[in-house]
Amino acid sequence: MPSVALKEPQAGQSGARWPARSGLWGATAAREEARLGRWLVLPVAAVTVALVIYPLVLGFETSLYAAGSTLSARGNFVGAGNYAEVIKDPATISAALHTLEYVGICLVLQLAGGLVTAVALRRAFRGRGLMFGVLIMPWALPSVVSGVLWRRFFAPDNGLLNSLLLHLHLIHNAQVWMATGWAIPWIAVVHVWGTLPLITLILLAGLQSIPDEVYSASAVDGATPARQFWHITLPLLRPALVVAAIIGLVDAVTIFDEIYVLNGIALNTSSVVMQVYNLIFVQADFPHGIAFAFLIAAFSALLAVVALIAARLRRTA
Amino acid sequence: MATSATTKRRAFGVSTVFGVALLLAACATSSSGQSPSGNAFSPHASVRGQHITVLLPYPVSQKILKQFTQQTGVTLTYETAGWDNVKAKLIVANEAQTYIADVTEFDWSFTGQFGGGGWSEPLESALGPTLIKDLGNVNRAFDTKGHTYAACYSNDYRFPIYNKKDFAAAGIKQFPSTFAGLASALNTLKRSKAAPYAMSLPLGATEGGVTPWYLLTLAMGGHLFNDKNQPVFGAPGSPAYKALQFEITARKNGWISPGSVTLDDTAALNNFEAGDAALMLAAGPGNLPLANDPSQSKIAPNAQAALMPGVSGPGGSFGLPEGLAIPVTAQHKNAALAFVKWWLEPKIQVELYKSAGFLPCRISVLQGLARQGLLQGSPAALQEISHVEPLFPAGTPIWYSKFDTEAQELINAANRGTMSVQQAIQKLSSDTAKLAGGSGS
């Protein structure tokens with residue numbers, strides 16, 4: 001029988017003496033623990049396979065076949081043909097350009113707005129708890145519900161926006177906002193309204209991890225608040241900014257609910273996910289729709305990886 | 001060594017996961033899905049005690065639905081969702097070959113896709129030749145590949161309905177029969193301010209929003225497709241061009257609300273019923289009873305049907321019948337068939353017409369309603385039937401959804417001003433020609 005060294009309890013510890021994790025006994029215990037861990041994880045893994053991996057694989061397989069003469073019967077195997085057709089489709093290019101516009105506007109508004117809000121909420125003040133509650137509310141609302149609310153705001157005939165701008169004489173006629181060049185920016189604003197709380201919380205967590213002593217020391221050296229923000233807050237907040245940017249980016253790429261509720265499938269505001277919806281749920285063209293969905297997922301993942309690598313390179317530089 | 005063993009275990013684990021998933025996927029695709037069976041129905045089987053679900057876009061009074069349960073002993077869940085949403089749900093359920101309901105909506109536009117795809121049970125044998133004959137030519141919209149896939153429950157087609165009180169206030173004694181007369185009437189209505197807007201016209205990127213363009217093209221003496229389902233609307237100056245130009249002109253002249261480019265047909269009808277417009281150009285027989293129902297409409301009882309204007313007299317219209325179908329995935333097909341037959345009983349057809357506005361398709365029922373003077377909008381609504389033609393002379397093709405989606409988007413884009421009329425029509429024509437496998441004109 002292998003000898004087992006028993007650890008004497010340290011000062012302050014209980015009197016129980018546990019076998020040290022060394023030797024054959026330690027390796028057996030580690031294996032047992034690993035085996036137990038695998039069994040415990042098995043149910044979740046099974047659910048993940050059934051609900052995530054299996055549909056992904058089935059979907060990918062479907063995307064390799066042509067739509068065929070009937071929609072429920074597999075057509076010919078076309079390999080990457082559907083992917084090539086989707087990339088070349090003018091509707092895809094238009095939707096992709098619109099999506100870039102959404103991403104650009106959303107990222108700027110989310111990061112700037114989130115940073116300003118996080119800085120404002122960093123210090124304790126009277127009513128801070130109430131402000132938090134108000135801040136969270138847009139995030140708590142389902143995006144479809146908030147889209148319906150905002151639709152009233154933008155309504156051409158008697159919406160709040162038109163009424164306000166007409167009253168202030170900033171416009172002379174009621175505008176159909178979703179039919180103008182302002183449609184995408186306004187939809188982006190509605191989207192940011194719903195996601196700003198999450199971004200703010202991420203940045204606030206990052207701000208609160210910056211020690212106060214750093215600011216105190218810089219103040220002693222004569223740093224102004226602006227310099228503190230630029231030379232202390234922003235650099236130390238970079239990891240949180242990267243996380244917020246990645247989350248905001250992926251969220252903006254997959255924008256759908258606000259577009260659908262505010263403007264339906266109209267071409268002037270179509271996004272890549274809207275185009276996937278059109279292909280799959282309206283035209284029942286599953287192979288092309290799934291191919292497009294995989295392309296979007298791959299592109300989003302690539303953007304996230306590039307952002308992470310860029311952040312790591314900056315840190316090591 | 002430990003690291004290598006761990007890496008090998010991880011690689012094995014991941015491979016196993018994907019292997020299992022691949023195997024499941026292969027099993028899923030190699031197993032045969034359900035398809036229409038010749039013997040789906042057993043006429044003498046008892047259905048008492050069964051429960052079915054019906055999915056349609058329009059609500060029906062529970063008082064009427066209870067009669068079905070009392071008569072057959074079959075209990076019922078009646079589900080509704082917007083028309084576009086019902087279509088999306090049916091597509092997903094049918095593609096996945098999963099149960100969604102025992103009786104479902106089957107629009108004329110579904111025939112190629114749903115019937116041709118084998119998603120619905122053929123009904124011609126189950127309904128019988130007498131009933132099929134009584135459903136008339138309008139039910140042929142649900143025929144494809146030698147089978148009938150639905151039974152018509154709503155004899156829908158398009159014609160204008162107007163508020164006769166607003167027209168009288170504007171001094172217009174008769175509804176115009178030509179487009180020139182219509183333009184004049186709309187200007188008069190606008191000047192008179194009898195209603196906030198002269199006309200309610202849905203122009204949103206939805207099924208209801210593209211229907212006016214289809215209607216106007218036919219009314220202006222044109223067609224969208226020939227008898228081989230090839231597009232024939234691409235020539236500059238064609239009725240299709242003029243139809244789209246009319247819509248744009250309506251917005252520019254202030255005949256319709258600027259927000260019309262975001263409206264679907266339900267919202268446009270609501271605006272008309274609220275008195276916000278004096279005329280709804282692309283209405284249907286079902287809209288008239290509802291517009292004259294004081295519990296639902298502020299303009300009741302002033303809604304009146306009119307013949308669709310044309311170039312030099314009444315213009316053409318097209319049929320959009322809707323039917324009841326039984327999916328191949330239905331769980332209680334005999335009970336579902338009992339529901340369809342019950343719905344088509346003359347007494348029930350009359351009750352549904354009065355309460356929900358479904359104009360019957362059965363010729364015998366229509367004749368009975370006309371004899372009793374119960375057909376709202378007659379004689380105009382009945383006269384319009386003689387001008388109704390199918391949008392697809394050769395039957396709705398399987399690619400109709402793709403064509404319709406693109407038409408919704410492009411016609412809407414032209415109405416919003418982001419595309420010219422020529423760009424929109426040309427693109428739609430060339431893309432449709434590719435779908436149809438021809439050159440287009």
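In the predicted model, the interface between the two chains brings 37 residues of chain B into contact with 29 residues of chain A. On the side of chain B that touches chain A, at least two residues each are supplied by helix 1 (2-30), helix 3 (83-95) and helix 17 (400-416) of chain B. Among the contributors to this side, helix 1 of chain B provides the largest share, amounting to 9 residues.

Within chain B itself, the assignment gives two domains, of which domain 1 is made up of 51-156 + 320-389, while domain 2 is made up of 159-318 + 399-436. The C-alpha centres of domain 1 and domain 2 of chain B are 26 Å apart, and the contact between these domains draws on 22 residues from domain 1 of chain B and 23 residues from domain 2 of chain B.

On the side of domain 1 of chain B that touches domain 2 of chain B, two or more residues are given by each of helix 3, helix 4 (111-115), helix 16 (380-385) and strand 13 (388-389) of chain B. The largest share of this side, 4 residues, is contributed by helix 16 of chain B. The residues that domain 1 of chain B presents to domain 2 of chain B consist of 7 nonpolar, 10 polar and 5 charged.

Note on methods. Residues numbered from 1 in each chain as written. Chains lettered and ligands numbered in written order. Predicted model: local features only at pLDDT ≥ 70, side-chain atom pairs only at ≥ 80, totals over all residues. Contact = placed C-beta atoms within 7 Å. Domains from an automatic or database assignment. Nonpolar A, V, L, I, M, F, W, Y, C, P; charged D, E, K, R; others polar.
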